[in-house]
Amino acid sequence: MQSTVNFTVTETAAAEIKRIADEQGIENPILRVRVVPGGCSGFQYAMGFDEAVEENDKVIELENGVKIAIDEFSAPYIGGAVLDYVQDFMGGGFTIKNPNAANSCGCGNSFSC
């Protein structure tokens with residue numbers, strides 16, 4: 001049974017996900033957002049397109065047709081987080097602002113709870 005989780009995707013991030021999916025020819029994009037053990041702080045984020053939603057995934061459907069799938073393990077670690085896309089002088093990239101992260105490393109890609 002699929003359910004939702006409190007995970008926000010900004011309009012900028014949603015547009016960038018859709019742009020990348022269109023560029024790669026993905027018609028019904030599902031972006032899987034996961035937390036995996038590793039990184040210098042204990043956990044790190046992983047994101048990539050997937051072909052299907054699993055039965056126990058938490059699913060968020062965006063207005064532009066993109067689905068965000070979060071697995072059962074990851075959901076408690078990123079509940080309340082915000083996925084954004086930022087553009088600066090060094091280029092652009094996705095960021096996750098996570099209220100559950102007690103500590104994070106300098107690169108912003110790993111955290112601990």
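Reader: What covers the buried residues of H1?

Author: This is a predicted model. In it, the cover over the buried residues of H1 includes strands S1 (8-9), S2 (30-37) and S5 (67-70), together with S3, S6 and S7.

Reader: Which residues of H1 are buried?

Author: Ala13, Ala14, Glu16, Ile17, Ile20 and Ala21 are the buried residues of H1. Those residues cover an arc of only 165° around the axis, so they sit on the same side of H1.

Reader: And which exposed residues does the face turned away from that side carry?

Author: Glu11 and Glu23 are the exposed residues there.

Reader: How far apart are the end C-alpha atoms of H1, and what span should its residues give?

Author: The end C-alpha atoms are 18 Å apart. With 13 residues at 1.5 Å a residue, H1 should span 18 Å, so the two values agree.

Reader: How confident is the prediction, by the way? What is the mean pLDDT?

Author: The mean pLDDT of the protein is 86, and 83% of the residues reach 70 or more.

Reader: Where is confidence lowest, and where highest?

Author: Confidence is lowest in strand S9 (residues 110-112), with a mean of 47. H1 has the highest, at 97.

Reader: Back to charges. How many salt bridges does the structure hold?

Author: The structure holds 6 salt bridges. In general, side chains of opposite charge can pair when their charged atoms come close. One of the bridges joins Glu16 and Arg19, with N to O at 2.6 Å.

Reader: Where do Glu16 and Arg19 lie?

Author: Both are in helix H1 (residues 11-23), 3 residues apart, which is about one turn of the helix.

Reader: Which residues are linked with them in a network of salt bridges?

Author: Glu23 is; Glu16, Arg19 and Glu23 form a network of salt bridges. Glu23 is also one of the exposed residues on the face of H1 turned away from its buried side.

Reader: Which residue does Asp22 form a salt bridge with?

Author: Lys18, with the closest N and O atoms 3.2 Å apart. Asp22 and Lys18 are 4 residues apart in H1, so about one helical turn separates them. Asp22, at 46% relative accessibility, is partly exposed, and Lys18, at 24%, also counts as partly exposed.

Reader: And Lys97, which side chain does that one meet in a salt bridge?

Author: The side chain of Asp84, at 3.6 Å from N to O. This pair links distant parts of the chain, with Lys97 in strand S7 (residues 91-97) and Asp84 in strand S6 (residues 82-88), 13 residues apart. Asp84 is buried, because its relative accessible area is 12%.

Reader: Switching to Asp57. Where is it found?

Author: Asp57 is in the loop between strand S3 (43-50) and strand S4 (58-61). Its relative accessible area is 3%, so Asp57 is buried.

Reader: What does the side chain of Asp57 reach?

Author: There is a polar contact of 2.7 Å between the side chains of Asp57 and Arg32. The Asp57 side chain also reaches the backbone nitrogen of Glu54, at 2.7 Å.

Reader: What follows H1?

Author: Gly25 follows H1, and its phi is positive, near 75°. Ile26 is in the loop between H1 and S2.

Reader: What does Ile26 touch?

Author: Leaving out residues up to four places away in sequence, Ile26 touches Ala21 and Phe49. Ala21 is one of the buried residues of H1, while Ile26 itself counts as partly exposed because its relative accessibility is 23%.

Reader: Last one, the overall layout. How many helices and strands?

Author: There are 2 helices and 9 strands. From the N terminus on, the order is β-α-β-β-β-β-α-β-β-β-β. Of the 113 residues, 37% count as buried.

Key: Residues numbered from 1 in each chain as written. Predicted model: local features only at pLDDT ≥ 70, side-chain atom pairs only at ≥ 80, totals over all residues. Heavy atoms only, no water. Buried < 20%, exposed > 50% of the residue type's maximum accessible area, 1.4 Å probe, protein only. Polar contact = N/O pair within 3.5 Å; in protein donor to acceptor, adjacent residues only side chain to side chain. Salt bridge = Lys/Arg side-chain N within 4 Å of Asp/Glu carboxyl O. Expected span 1.5 Å × (residues − 1). Arc of directions from axis to C-beta. Contact = heavy atoms within 4.5 Å. pLDDT = per-residue confidence, 0-100.
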